[in-house]
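Trainee: I want to learn how to read a model like this one. Where do we begin?

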Amino acid sequence: MNNTTINLLGISGSPRLASTDYVVRDGLDYASEKHGAETEYITLHKRTIGFCIHCDFCVRKREGCIQKDGMEEIYERLLWADAMLIGTPVYQGNLSGQTKAMLDRCRALVAANPAALRDKVGAAAAVGGDRVGGQELAIRSILDFYVISEMIPVGGGSFGANLGGTFWSRDKGADGVREDADGIMSMHRTIDRMIVVAEMLKQRGDTDA
Ligand SMILES: Cc1cc2nc3c(=O)[nH]c(=O)nc-3n(C[C@H](O)[C@H](O)[C@H](O)COP(=O)(O)O)c2cc1C
């Protein structure tokens, strides 16, 4: 392992172990096999994450969130990561409520340390039951979170990957996305771009140190 090995965290924002679980784990496997990334995986399946209740404890105390639940492990892994891939199922044309609740709760991480997520690289994937079901808006919602968190959002480039991993499950769970060759290509190209950018940033950081 050299000092530019990228720590990549993958998160599935589905309450099920089905299509989103499959595409995020596939992205991590690809990053590990092709790029030698160190990967960790978290699923929101059976994970309790309370809504942000806007109590402002995190802003006043700067000690993290007052709620102690399934976010604690996620906070810790987010700090470990150089790069992250967040995947969501498309719900009502946008990201899932589970994914949104997790992103809202990250306010506490940044309130404690404004640089907590700064310069980490972020990519997104979305899985819709329909071919054009809201995947792009779901991806954009995650990319906006990265921008707000002072991260570096990446997509996979034009002619095939565009904003990120874009999948059509035909509502057939993991079997559906396994057959979606275009979706898998969009994911792999997004991972390629993510690793290039993350390595550049990590090398720069090592030089600065
Ligand atoms: C509440 C709900 C809303 C959904 N809304 C959409 C939608 O707007 N567009 C779409 O393409 N699929 C929609 N779907 C289908 C899921 O996005 C699709 O089945 C996806 O593959 C589920 O991901 P999972 O297998 O990881 O749970 C919806 C599913 C649920 C449960």
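**Reading the model, feature by feature**

Mentor: Start with Asn162: at 43% relative accessibility, this residue counts as partly exposed. Buried means under 20% relative accessible area, exposed over 50%, and partly exposed in between, with a 1.4 Å probe and protein chains only.

Trainee: Before we go on, what conventions apply?

Mentor: This is a predicted model, in which local features need pLDDT of at least 70 and side-chain atom pairs count only at pLDDT 80 or more, while totals for chains, interfaces and linings use all residues. Residues are numbered from 1 along each chain as its sequence is written, and side-chain values use heavy atoms, with hydrogens and water left out.

Trainee: Where does Asn162 lie, and what is its phi?

Mentor: First, the elements: helices (H or I, at least four residues) and strands (E, at least two) are DSSP runs, numbered from the N terminus. Asn162 lies in the loop between β5 and β6 (165–168). Its phi is near 50°, a positive value in a residue other than glycine.

Trainee: Which loop holds Glu150, and what is its phi?

Mentor: Glu150 is in the loop between α6 and β5 (152–153). Glu150 is not a glycine, yet its phi is positive, about 65°. Its relative accessible area is 37%, so Glu150 is partly exposed.

Trainee: Now the ligand. Which residues come nearest?

Mentor: A residue is near a molecule or strand if one of its heavy atoms lies within 4 Å of it. There are 17 residues around the ligand, and Ser19, Thr20, Val90, Ser169 and Asp171 come nearest. Two elements, α1 (19–35) and β4 (121–128), each supply at least two residues of the shell.

Trainee: How many residues of each class are in that shell?

Mentor: Ala, Val, Leu, Ile, Met, Phe, Trp, Tyr, Cys and Pro count as nonpolar, Asp, Glu, Lys and Arg as charged, and the others, Gly among them, as polar. The shell has nine polar, five nonpolar and three charged residues.

Trainee: How many disulfides does a search of the whole structure find?

Mentor: A disulfide is a pair of cysteine sulfur atoms within 2.5 Å. The search finds zero. Cys55 is in no disulfide, and the nearest cysteine sulfur, that of Cys58, is 6.5 Å away.

Trainee: What does Thr190 touch?

Mentor: Contact means heavy atoms within 4.5 Å. Thr190 is in helix α8. Not counting residues up to four places away in sequence, Thr190 touches Ala123, Val154, Gly155, Gly156, Ala161, Gly164 and Gly165. With 0% relative accessibility, Thr190 counts as buried.

Trainee: And His188: buried or exposed?

Mentor: His188 is buried, at 19%. Helix α8 (residues 181–208) holds His188. Leaving aside neighbours within four places in sequence, His188 is in contact with Asp26 and Tyr30. His188 and Thr20 are 168 residues apart in sequence, and their C-alpha atoms are 15 Å apart.

Trainee: What joins the side chains of Ser141 and Asn94?

Mentor: A polar contact of 2.8 Å. Ser141 sits in helix α6. Its relative accessible area is 21%, so Ser141 is partly exposed.

Trainee: Which residues of helix α4 are buried?

Mentor: In α4 (residues 97–105), they are Thr99, Ala101, Met102, Leu103 and Arg105. Their cover includes β1 (7–12), α3 (71–80), β3 (83–89), α5 (107–112) and α6 (135–148).

Key
A polar contact is a pair of N or O atoms within 3.5 Å; within protein, one must be able to donate a hydrogen and the other to accept it, and residues adjacent in sequence count only if both atoms are side-chain atoms.
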